[in-house]
Amino acid sequence: LKGFYETTNQAKPNFDVGLTMTKVDVPSAFQAFTTVKMLAPVARYAVGNVTTDLHLTGALSTDMMPLFQSLTGKGSFQTSPLLMKGFPAFDQIAGLTKMQFLANPTLQALRVAFQIRDGRLFVDPFAVKLGGTTMNVSGSNGFDQSLQYNLTFRVPRSALGGDADQA
């Protein structure tokens, strides 16, 4: 951790911090850090480890919590394989498409760059192997817990099962 805390305006102090964390347990980080809950709400469903390099600037409230709408920054994260346990979006897609490999899938290790601005975390587009498919991901999530992601799958016909032949 390196950075500074500037108190010229004590009612709204500023900070500029660089943070590197290595092999952090995702469920533990989600439970322990409000910032993880705000920046990566999908971490609630992930089981695995993450390494991150993050640079953030912004303002703090009088209780020393970040004012999330003021945050700007960038960084990257790298994961171990991640089990996505009970993630509602994957559960809904699995139910609609009958692609059961999407129910509680394990994602291959990821390496993703991101930017934080305008109250949102934007990920650079990335691809991940999932079951026998490749999923391309792009988009953002907001500090208001909104998600705006595009997921594109390349699915072999064999992964769709007998229902694909019926269709």
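This is a predicted model: local features need pLDDT of at least 70, side-chain atom pairs count only at pLDDT 80 or more; totals for chains, interfaces and linings use all residues.
1. The side chains of serine 140 and arginine 120 form a polar contact at 2.8 Å. Serine 140 belongs to strand S10, which covers residues 133-142.

2. Is serine 140 buried or exposed? Its relative accessibility is 3%, and because buried means under 20% relative accessible area, serine 140 counts as buried. Setting aside neighbours within four places in sequence, the residues in contact with serine 140 are Arg120, Leu121, Phe122, Ser146, Leu147, Gln148 and Tyr149.

3. Strand S10 is part of an open sheet of eight strands, in the order S1-S2-S4-S5-S8-S9-S10-S11 and with antiparallel pairing. The edges of this sheet are strand S1 (2-6) and strand S11 (147-154), each of which pairs on one side only. From one strand to the next, the twist averages 15 degrees.

4. Leucine 130 is located in strand S9, residues 120-130, and S9 stands between S8 and S10 in the order of the eight-stranded sheet. Leucine 130 has a relative accessible area of 1% and is therefore buried. Which residues are in contact with leucine 130, leaving aside neighbours within four places in sequence? They are Phe90, Phe101, Leu102, Pro105, Thr106, Leu107, Met135 and Phe153. Glutamine 115 is 15 residues from leucine 130 along the chain, and the C-alpha atoms of the two are separated by 25 Å.

5. A further open sheet has three strands in the order S3-S6-S7, again with antiparallel pairing. Its edge strands are S3 (46-47) and S7 (106-107), each pairing on one side only. Strand S6, residues 82-84, pairs with S7 in the antiparallel sense over two bridges. Leucine 82 has leucine 107 of S7 as its bridge partner.

6. Leucine 130 lies in S9, a strand of the eight-stranded sheet, and its contacts include Thr106 and Leu107, the residues given for edge strand S7 (106-107) of the three-stranded sheet.

Note on methods: Residues are numbered from 1 along each chain as its sequence is written. Side-chain values use heavy atoms; hydrogens and water are left out. Two strands pair if DSSP finds at least two bridges between them. Helices (H or I, at least four residues) and strands (E, at least two) are DSSP runs, numbered from the N terminus. Buried means under 20% relative accessible area, exposed over 50%, partly exposed in between (1.4 Å probe, protein chains only). A polar contact is a pair of N or O atoms within 3.5 Å; within protein, one must be able to donate a hydrogen and the other to accept it, and residues adjacent in sequence count only if both atoms are side-chain atoms. Contact means heavy atoms within 4.5 Å. Axes are lines fitted to C-alpha atoms, for helices over the stretch in contact, and angles run from 0 to 180 degrees between N-to-C directions.
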